[in-house]
Amino acid sequence: MKKIFALVLAVVMLATGTAFATTVDDVKASGKLVIATSPDFPPFESLDAENNPVGIEMELMALVAAELGVELDVQQMDFDSVLPGIIAGKYTVGVSGISVTDARKKNSLFTDPYCLAAQAIVVKEGSPIASKADLDGKKIAVQSGTTAEAFTMGQGYDVLSFAANPDAELALTTGKVQAWVIDDLTAKEMVDEYNAKSSEKLVVLDEPMTTEPYAFALKLGNDELCSAINDIINKLVADGTVASLFEKYEAPYTSPIA
C-alpha cells in the first residue's frame, strides 16, 4: 500500500511539475535546490550577456546550495509569479529581492533577513517632486506584486503596475508617469545605467518611501528546511560573506544585525 501511494504521488508530481522539496533530506535526495526568481532586479538578480542569472542573491543562494551539498536550479519568471509558485509548492525557495511583510507572512514562510533595504523614489531631473509629500496627485510606476505596489496603492496613490522594472522605468522616461518607486539599490544601478547613455537624466530622491528587510520565501510548514537555510545565511552574514557580495557588486550594505 505504501509503495502504491508513493507511485501515485510520483505521478502527481510529474503531472503538476511540483517540486515537493519540503525538507533538507528532500533537497539532498533530489540533488538540487530549486529557486524561483525574476532576473530583472540588479544587483540582486539579473541576466548577463549570455542570459545567465547573476547577482548578489544568485551568489548567496549558490553558497547555500553548496553548504547543502546540492546544485542550484534557477527557474525564471515574472516577479508576481514567484510567491504564488512557492505557495503552490512548485519551487523550493523564492529568491527575488523579496521584502518581508506581515501580509506575505500569512501565506509564506520566510528565512531570517540577510539585509535591510529601502524603497526609493525615482523622478526625472528637474521634476517638481522632491519628497514623498509631493507624490499626491501624481502617477507612479511600480513593478507588480512588489511591496512598492502594495504600499503606494495602500496610500491611495495613482499607480501603474508593470511586470518588469525596465517597463516601469520606460513609463517614467516617456512621461506616462511622474515617479517610479523601486528598491534603492536596484534604483541606483538602473538609474546609473540609464544616465550613462541618455542626455535626459533620472534622479533618486534622498527620502526613501519605506525601509524593509529582505529574505527568502518558502512554503508554509517547511520549518526544518527554513531552519537549515537560516543557519547558513546567518553564518554568512556574521562572517562578512554577505557584506563582501554587496561590495563585489558595488552596492552599499546594511546588515540586519543591530
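These legends describe close-up views of a predicted model.

**View 1. The largest nonpolar core.** The largest nonpolar core has 51 residues. Within this core, Leu33, Val93, Tyr114 and Phe246 touch the most other members. The element that gives the most to the core is helix α9, residues 223-238, with eight residues.

**View 2. Surroundings of tyrosine 114.** Neighbours within four places in sequence are left aside here. The remaining contacts of tyrosine 114 include the aromatic side chains named Phe44, Tyr214, Phe216, Phe246 and Tyr253. Tyrosine 114 is also in contact with Glu57, Leu60, Ala215, Ile233, Val237, Val242 and Pro256.

**View 3. Helix α3 against helix α9.** Helix α3 spans residues 56-68, and its axis comes within 10 Å of the axis of α9. The two axes cross at roughly 125°, which makes α3 oblique to α9. The crossing of these two helices is right-handed. On the α3 side, the contact is made by Leu60, Leu63, Val64, Glu67 and Leu68. On the α9 side, Ile229, Ile232, Ile233, Lys235 and Leu236 take part. Sorted by class, the contact has eight nonpolar residues, two charged residues and no polar ones.

**View 4. Helix α3 against helix α10.** Helix α10 covers residues 241-248 and packs with α3 at an angle of about 145°. The axes of α3 and α10 are 10 Å apart. The crossing of α3 and α10 is right-handed. From α3, the residues that meet α10 are Ile56, Glu59, Leu60 and Leu63. Their partners in α10 are Thr241, Val242, Leu245, Phe246 and Lys248. By class, this contact of α3 with α10 has six nonpolar, one polar and two charged residues.

**View 5. Aspartate 112 in its loop.** Aspartate 112 lies in the loop between β6, residues 108-110, and β7, residues 115-124. Its relative accessibility is 31%, so aspartate 112 counts as partly exposed. With neighbours within four places in sequence left aside, aspartate 112 is in contact with Ala215, Asn230, Ile233 and Asn234. Valine 123 is eleven residues from aspartate 112 along the chain, and the C-alpha atoms of the two are separated by 32 Å.

Definitions and conventions. Residues numbered from 1 in each chain as written. Predicted model: local features only at pLDDT ≥ 70, side-chain atom pairs only at ≥ 80, totals over all residues. Heavy atoms only, no water. Core = buried A, V, L, I, M, F, W, Y, C linked by side-chain atoms within 4.5 Å. Buried < 20%, exposed > 50% of the residue type's maximum accessible area, 1.4 Å probe, protein only. Helix = DSSP H or I, 4+ residues; strand = E, 2+ residues; numbered from the N terminus. Contact = heavy atoms within 4.5 Å. Axes fitted to C-alpha atoms, helices over the stretch in contact; angles between N-to-C directions. Parallel < 35°, antiparallel > 145°, perpendicular 65-115°, else oblique. Left-handed = near helix turned anticlockwise from the far one by under 90°. Nonpolar A, V, L, I, M, F, W, Y, C, P; charged D, E, K, R; others polar.
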